[in-house]
Amino acid sequence: MLTTTRTCAAFFLCVIMPSVALAAERTQGIIDDAAYTHAQRLVKIEPGRALNLYCRGKGSPTVIFETGLADDLSVWGLVQPAIAAHTRACAYDRAGIGYSDPGRREADSANIVDDLHRLLLAASIKPPYILVGHSLGGMHVRLYADTYLADIAGMVLVDSAEETWEENVWRLDLQQRTHEQYFAWDKQEFEDQRACVKAAEQGFVVGSEISKKCVPPPDPIYSDAINDAYRKRHMSVGFQRALMSEQENYQHASAAEVIAARRWYGDMPLIVLKSPPSERRSDEPQSHRDAVNRIHTFFADQLAALSKRGVVRVVPDSTHSIQTTQPQAVIDAILEVLKDSREQGAWKSGGSISGSHAGD
């Protein structure tokens, strides 16, 4: 169960990492960089297809930002500039998201990792990298590290998605429904998103019921210009298809790929940021909510245990979108990993990216 930073993606439930601070005030200002109202650097990763890349700053290791479900790179607008003052910081839009061209294959983690690898090759952004992944992006960057570990200097996971989340929560189901009964909502969510795709193909009618369900309202953390640009992109067929594909693959192909590839990261600097435990709903016992929260805590501990230097930090007064509700916590974690990776010394001379399959 995933959520985008701006709003719940179409009909997807906003409870992947519930927080007691769902109404937390954003006191860090708004994101108003005009760079988010148009494409920055469109990098061709294969004939006829390019991804939008936005890099700032200079230095090594390069910090690579990966967004959550169907989010564009603007979600890092309160974090990337601060990191760019210390090293090169790069964010990008996945296929079909933001200003990137639509994909030609499923938006599962393996294909997303392949696209990112092609992007870094084509853009001549050499390792080492510090990977920063939010929500679903946390699964993608872990798979990238599992695949190209020699290129990774460190990692920060920001309320990472859990590849075993739905299965684990099903086992706690208060109604003791069968697997098929419990996941019936899953099938309905996909049908609802298909309706959004169809509406985009036919052209959204502003103000219609389907447009209200499929196109989110303005987010007060962004300027009017960015919200306007985001709304137009959200109405595109490419975006709605990309969202559907990311949703459908999250707990299926993507989860299986991440589980199969999981490996030990040695002494790589790793910080796992986690939003606070969620409060119980009015219709559930406290014991059930406590059990659900323990799943989140256990998973965060598992992630930290992937490295001898892994640590978990709960970020007070944050929502699932820690990078917008408590951006300083994310900035501090990245700078700490940056400092630690530089002190290790192995990355001072730079490196070369594994593989050579980028498009022209």
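**Entry: Cys55 and Cys90**

I started with the link of Cys55 and Cys90, which is right-handed, with 115 degrees about the S-S bond. The model is predicted. I read the S to S distance of this disulfide as 2.1 Å. Next I looked up where the two cysteines sit. Then I checked accessibility. Cys55 is partly exposed, at 31% relative accessible area. Cys90 is buried, at 1%.

**Entry: Cys196 and Cys214**

I searched the whole structure for disulfides and found 2. Besides the link above, Cys196 pairs with Cys214, with the sulfur atoms 2.0 Å apart. This link is left-handed, at -85 degrees about the S-S bond. I placed Cys196 in helix 6 (residues 184-202) and Cys214 in helix 7 (residues 209-214), 18 residues apart. Cys196 is buried, with a relative accessible area of 0%. Cys214 is buried too, at 1%.

**Entry: helix 3 and helix 9**

I turned to helix 3 (residues 136-147) and helix 9 (residues 237-261). Their axes come within 10 Å and cross at roughly 30 degrees. The crossing is left-handed. Which residues meet here? From helix 3 I noted Leu136, Met139, Arg142, Leu143 and Asp146. From helix 9 I noted Glu246, Tyr250, Ser254, Ala255, Glu257, Val258 and Ala261. I sorted the residues of this contact by type: 7 are nonpolar, 1 is polar and 4 are charged.

Key: Residues numbered from 1 in each chain as written. Predicted model: local features only at pLDDT ≥ 70, side-chain atom pairs only at ≥ 80, totals over all residues. Heavy atoms only, no water. Axes fitted to C-alpha atoms, helices over the stretch in contact; angles between N-to-C directions. Helix = DSSP H or I, 4+ residues; strand = E, 2+ residues; numbered from the N terminus. Left-handed = near helix turned anticlockwise from the far one by under 90°. Contact = heavy atoms within 4.5 Å. Nonpolar A, V, L, I, M, F, W, Y, C, P; charged D, E, K, R; others polar. Disulfide = S-S within 2.5 Å. Buried < 20%, exposed > 50% of the residue type's maximum accessible area, 1.4 Å probe, protein only.
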